[in-house]
Amino acid sequence: MKNTLIYYNTQQFAGWPANAGMWSWGNEVLVAFHVGSYLPKKIGHRIDERKEIRTVMARTTDGGQTWKLELDNPIEEISRREPIPLPEEGIQFSHPDFALKVGTAAVTIRNSTYVVTYDRGHTWQGPYLLPGASKTMTARTDYIIEGRSSCILVLSRQTSGIPCKLLPDRSYAVRTDDGGHTWTMLGYLADKSARSALTNTVRMSDGSLICSISRRYDAASEAEIRPPKRGQTPHGNHWIEIRRSTDGGRHWRILSILDMPYSLRSKSTNPSCLGHLPDGRLVILYAFRGKISRFVARLSQDGGKTWGDEIVLDGDINNEDVGYPKLAMLPFGKVLVVYHSASSDRPQQHIKAIVWEP
């Protein structure tokens with residue numbers, strides 16, 4: 001296992017790869033994250049929301065062994081332009097150097113546009129409006145390419161009836177078959193009993209889709225924690241849910257629930273990232289966010305129905321503001337994961353990478 005520091009500045013908060021995105025082409029991987037002024041706080045992310053927050057890119061061409069910051073990457077400037085019409089030929093999703101990125105840099109996500117690249121993120125085109133674009137959209141980058149003109153996007157938007165006052169997100173899937181000119185609603189990934197957001201979707205060898213979802217509902221006290229449904233894992237008001245679709249994203253059913261036992265009641269969700277290994281196993285990575293935080297992985301031998309014990313990949317973490325990971329599968333079964341952390345010798349949030357062979 002190799003652990004690498006990608007970005008650290010004592011005057012800045014660097015975080016949220018899960019919000020910004022990551023893309024891979026073999027051993028070449030491009031990751032985006034958000035950077036702003038560091039501001040110590042007792043509650044919330046330690047970033048000064050009154051000051052500029054921007055997107056920063058970093059690239060590796062050797063499978064995560066070394067990284068180069070791309071401070072002049074045009075992604076930030078292009079993403080903040082006014083939306084433009086799609087080109088007549090539409091989006092070429094199956095181009096070998098293609099990537100799609102949703103949204104702009106922010107603490108509270110309000111994303112209604114996306115940009116695309118055909119040269120591995122050196123230049124970008126757009127921004128274009130997401131299907132159903134509005135100020136209620138809270139989408140991150142999560143998509144499955146289906147063909148030259150076909151793609152499934154997993155999005156989210158604020159929805160009435162979700163018992164999560166500040167972040168009432170609900171995730172859903174849409175599909176295009178004409179290069180993005182029109183999109184069809186496929187279905188919601190989860191019910192309205194709790195927030196569903198920060199999805200990460202993979203396609204299995206049998207064609208089914210598996211998605212990890214961060215879920216949470218408001219609970220003023222432990223007395224308001226709901227008892228688990230019959231056959232479900234007991235959990236507090238926040239958990240990671242694994243769901244499966246066998247009809248291309250139209251219907252989703254629960255496979256498993258990953259409890260977050262560090263706190264029965266929390267005001268935070270726990271973003272995860274999901275990967276499909278060459279031998280058929282699934283791997284999920286997330287931060288165990290508590291008084292003794294750690295970054296962990298778990299493996300599933302049965303397509304996400306059950307999960308093995310936590311494998312600690314990083315235990316040198318000094319507070320709860322950690323995680324928001326993104327994952328890329330490297331050649332020969334290796335996993336590259338990028339996340340934000342804070343440690344005893346680097347107390348300001350920074351960006352790290354781990355290369356691991358499960």
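Reader: What share of the contacts in the chain with a separation of 6 or more comes from residues 24 or more positions apart?

Author: A contact means heavy atoms within 4.5 Å. In this predicted model, residues 24 or more positions apart account for 56% of the contacts with a separation of 6 or more. Residues are numbered from 1 along each chain as its sequence is written, and side-chain values use heavy atoms, with hydrogens and water left out. Local features need pLDDT of at least 70 and side-chain atom pairs count only at pLDDT 80 or more, whereas totals for chains, interfaces and linings use all residues.

Reader: How many helices and strands are there in the chain?

Author: Helices (H or I, at least four residues) and strands (E, at least two) are DSSP runs, numbered from the N terminus. The chain holds two helices and 24 strands. Its radius of gyration is 19 Å, close to the 21 Å that the globule rule gives for 358 residues, so the chain is as compact as a globular protein of that length. That radius is taken over C-alpha atoms, and the globule rule is 2.2 Å times the number of residues to the power 0.38. Along the principal axes, the C-alpha atoms fill a box of roughly 55 × 45 × 45 Å.

Reader: What percentage of the residues count as buried?

Author: Buried means under 20% relative accessible area, exposed over 50%, and partly exposed in between (1.4 Å probe, protein chains only). Of the 358 residues of the chain, 57% count as buried.

Reader: Which residues of β24 lie on one side and which on the other?

Author: In a regular strand the side chains alternate between the two faces of the sheet. In β24, His350, Lys352, Ile354 and Trp356 lie on one side, with Ile351, Ala353 and Val355 on the other, and all are buried. Strand β24 covers residues 350-356, and seven of its seven residues are buried.

Reader: How many bridges join β1 to β24?

Author: Two strands pair if DSSP finds at least two bridges between them. Strand β1 (residues 2-7) is joined to β24 by five bridges, and the two run antiparallel. Within this pairing, Leu5 has Lys352 of β24 as its bridge partner. Strand β23 (residues 335-341) also pairs with β24 in the antiparallel sense, over seven bridges. There, Val337 stands opposite Ile354.

Reader: How many cavities of 30 Å³ or more are there?

Author: Rolling a probe the size of a water molecule over the atoms shows where empty space is left. On a 1 Å grid over the protein atoms alone, a cavity is a set of points where a 1.4 Å probe fits but cannot get out; a pocket is an open set with protein on both sides within 12 Å along at least five of seven lines; lining residues have an atom within 4 Å of a point. Grid points are joined across faces, edges and corners, and a volume is the space filled by probe spheres set on the points. The count comes to two cavities of 30 Å³ or more. The largest has a volume of about 60 Å³, and its lining includes Ala18, Arg140, Leu198 and Lys326. β14 and β22 are the elements that give two or more residues to this lining, and β14 gives the most, with three.

Reader: What lines the second largest cavity?

Author: The lining of the second largest cavity includes Ala139, Arg140, Asp142, Leu198 and Thr199. β11 (151-158) and β14 are the elements that supply two or more residues to it, and the largest share, three residues, comes from β11. The volume of this cavity is about 50 Å³.

Reader: How many residues line the second largest pocket, and which lie nearest its centre?

Author: The second largest pocket has a lining of 25 residues, of which Ser24, Tyr143, Ile144, Thr201 and Leu327 lie nearest its centre. Its space amounts to about 720 Å³. Strands β3 (22-25), β10 (143-145), β14 (195-203), β18 (272-276) and β22 (323-329) each supply at least two residues of the lining. The lining divides into 14 nonpolar, eight polar and three charged residues. In this scheme Ala, Val, Leu, Ile, Met, Phe, Trp, Tyr, Cys and Pro count as nonpolar, Asp, Glu, Lys and Arg as charged, and the others, Gly among them, as polar.

Reader: Where is Gly315 found?

Author: Gly315 is in the loop between β21 (311-314) and β22. With a relative accessible area of 53%, Gly315 is exposed. Leaving aside neighbours within four places in sequence, Gly315 is in contact with Ser293 and Arg294.
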